[in-house]
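Dear colleague,

My findings follow directly after it.

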Amino acid sequence: MITVRHVLFVYLHCAIYTLINCLSVKDQMYENIIANNPCFLRLNGTNQFGCTSSRFGNVGTLHLVTNSTDLDWLFNEGQADPYTVALTPKMFNSNEENLFISREVLQDIELSTKVNGIMLLMNGTEEEVINNDNLQNNGFSPEDTCPNRYSGVSSCPMKPWNPYGTDILLKSWSFPIFVVYDQDTIKNVVDCFKNHNLPLNKQNDQSLCALELKSHMYAAVDSKTCLRRTMMSYQNIRPIKFCDPLGDKNVYWSLKELRPNTPNQSIAIVAARLDATSMFQDLAPGALSTATSIVTLMTTANLISEMLSYNDASNFSRNVMFILFNGEAYDYIGSSRVVYDMLDGNFPNDLIKLNNSHVGMYVELSQIHYDKEVVFYRPMKHNASDNINNFMNAFNKSLSDDGFSVTESESTSIPPSSLHSFLKLDPKFPGIILTGFKDQFKNKFYHSILDDAENIQYNNISKTIASISTSLSYSLYKFITNSNYNGLKQANSSYVTKLLDCYVKSMNCEVFQSLTSPLHLPENPPNYYISIDMITNTLTSLSRLLFASFGSKIINKVQSEEKCLNYRTKQGFVPIWLRGNYNACYSTTSNVTDAVSPAFIIPDYDLSSSEYSTWTESVWHEVQIRMFLRQSLKLQIVIFVLGILVFLFSLIIVKKMYDQSGINFNNQEVNSVTNF
């Protein structure tokens with residue numbers, strides 16, 4: 001006799017077996033795709049920019065777009081919406097204008113309401129993309145045509161600085177966008193489309209390849225709103241963070257120590273930016289946007305430290321300070337913080353207290369190009385300081401002798417640069433910008449993922465940077481000593497190449513290894529995105545170590561890293577332990593300052609104000625792409641009908657068993673008593 005206990009046992013056993021098999025089926029249904037580079041959400045005091053998915057991800061039928069015909073079919077004939085579009089870089093026919101991911105294409109996709117997400121397949125490698133004539137001629141920059149247009153001291157000129165700008169970076173998109181580089185993944189996506197989604201005119205009759213894109217961003221509206229929500233959530237038992245202020249560190253180094261009683265106009269500042277940006281997480285290569293200027297600055301700092309030793313430099317009242325500003329892509333975060341700290345008596349710290357009156361000359365390096373051409377911009381064209389005039393005469397003569405063209409731009413505006421922050425403080429600030437472009441950027445991929453090693457003509461630029469660094473060092477030498485340099489030292493192009501390897505190709509390079517070994521550094525190129533204020537980027541720390549290797553004094557009596565960190569140096573110096581080839585404690589002027597906008601430290605600051613940068617980055621939990629087969633409409637209907645039939649059949653069985661339950665249970669009770 002089958003008892004209720006037996007029935008329950010069999011039912012429970014079947015349930016457990018079914019559950020185990022369902023989990024394995026679920027795992028087999030989805031193929032996870034490597035997705036480390038989503039477009040993410042950033043906010044300022046008034047708006048949000050970037051991309052986000054719905055909370056549980058966006059699902060769409062895969063549609064491969066390699067030309068405008070594929071896109072037209074999706075808009076006009078596609079019936080299996082919503083779609084997830086997989087774009088290739090060559091997404092237009094060779095006879096049509098090629099704009100990579102143009103603003104118009106994305107807007108058309110958004111307006112169609114048929115698209116739920118986008119994947120950019122970087123197949124054929126970036127070299128193939130850049131070698132495309134149309135793309136090379138037209139360029140592609142996701143930035144504004146006038147970067148940081150609302151945070152400078154001059155308006156955008158009639159001919160905008162960035163003629164290749166598309167503004168994609170400064171728009172909020174209603175769907176997630178991912179970029180995928182892994183070639184095996186790209187092959188699987190293309191094969192899935194070809195095997196299951198073709199022919200296109202029969203999509204409703206077949207199972208279709210589909211994608212789920214998940215990159216849900218917690219923040220929304222603007223920085224003010226997301227920070228307020230974060231503060232409100234702290235009252236809960238489990239607080240939730242919605243966004244973080246952008247921030248990192250500025251890095252500086254001086255030829256000799258900075259002192260509290262610094263004479264006025266005795267410091268020459270040589271500056272460059274340390275950051276770049278792009279649409280996608282961890283993909284901000286910034287080769288021509290940023291790296292070439294950093295390498296020029298570093299080469300100059302190294303050379304001047306060899307031309308003027310610490311003891312020699314101590315004989316002069318003047319000094320030179322090299323600064324790498326962070327967060328300049330986002331309304332000049334780093335430089336505006338330096339200016340704020342100067343006004344507050346905290347730059348570089350509350351003991352030394354430098355301000356703008358101590359600066360005799362400010363020279364900024366911006367987008368140093370591989371052409372043998374240097375263009376300089378200065379806001380005070382007809383009333384420049386003697387220091388600036390003397391510097392330019394020496395610099396011009398040295399470079400002209402080396403076959404360079406050195407000219408001054410006639411533009412009444414100055415290009416995007418950290419100098420804007422200082423001019424806000426003092427319109428007569430003695431500043432000058434040295435660039436590789438005249439009136440408009442030569443860089444056709446400014447703040448793009450294509451601004452990598454292939455964009456700087458790697459083999460040609462080393463000699464150009466070496467010549468500029470040599471001339472710059474000679475001019476700085478004259479500023480400090482008031483005499484011409486008569487030595488033989490020059491910047492070495494092979495050293496420049498090694499630095500370019502570090503700042504463009506891979507952080508696990510010879511120069512950085514000589515400072516950090518046996519620590520293992522990432523093999524990938526640097527990511528120049530500033531990130532959030534709680535994180536110090538690897539490149540920021542490495543740049544500080546590199547500065548520390550220039551002209552620093554070894555502390556022989558300190559033999560361990562732990563003791564080095566606690567060693568008390570004289571004012572203006574800090575102890576730092578260099579590993580690798582150095583493997584010792586050094587006394588250095590290399591140090592960092594905060595590169596966090598004053599907007600986030602001023603009590604009750606109005607985040608809708610444009611005085612200081614108000615950029616934040618959204619928090620997100622999970623980034624994922626999954627590929628699976630979406631069943632055809634007919635099969636879904638069949639499964640639905642079968643489900644209803646099974647449900648009705650089960651209902652009838654249960655009803656019948658319920659009606660006979662009295663008989664079955666009574667018989668069991670009688671039998672049990674009788675047996676007893």
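In this predicted model, the contact between helices H11 and H13 involves Asn 387, Phe 391, Ala 394, Phe 395, Ser 398 and Leu 399 on the H11 side. Their partners in H13 are Ser 467, Ile 468, Ser 471, Leu 472, Tyr 474, Ser 475, Lys 478 and Phe 479. Sorted by class, the residues of this contact comprise 8 nonpolar, 5 polar and 1 charged.

As regards geometry, two packed helices are described by the angle between their axes and the distance between the axes. For H11, which spans residues 386-400, and H13, which spans residues 458-481, the angle is about 140° and the axes lie 9 Å apart. Angles over 145 degrees would count as roughly antiparallel; H11 and H13 are therefore oblique to each other. The crossing of H11 past H13 is right-handed.

A further helix, H16, covers residues 538-548 and is mostly covered, with 8 of its 11 residues buried. The buried residues of H16 are Leu 539, Thr 540, Leu 542, Ser 543, Leu 545, Leu 546, Phe 547 and Ala 548.

Turning to the protein chain as a whole, its secondary structure amounts to 19 helices and 22 strands. Of its 676 residues, 54% are buried. The chain exposes about 31,600 Å², of which carbon and sulfur atoms supply 52%. Where contacts link residues at least 6 apart in sequence, 80% of them join residues at least 24 apart.

Yours sincerely

Terms used: Residues numbered from 1 in each chain as written. Predicted model: local features only at pLDDT ≥ 70, side-chain atom pairs only at ≥ 80, totals over all residues. Heavy atoms only, no water. Axes fitted to C-alpha atoms, helices over the stretch in contact; angles between N-to-C directions. Helix = DSSP H or I, 4+ residues; strand = E, 2+ residues; numbered from the N terminus. Parallel < 35°, antiparallel > 145°, perpendicular 65-115°, else oblique. Left-handed = near helix turned anticlockwise from the far one by under 90°. Contact = heavy atoms within 4.5 Å. Nonpolar A, V, L, I, M, F, W, Y, C, P; charged D, E, K, R; others polar. Buried < 20%, exposed > 50% of the residue type's maximum accessible area, 1.4 Å probe, protein only. Areas by Shrake-Rupley, 256 points an atom, 1.4 Å probe, with all protein chains shown as cover.
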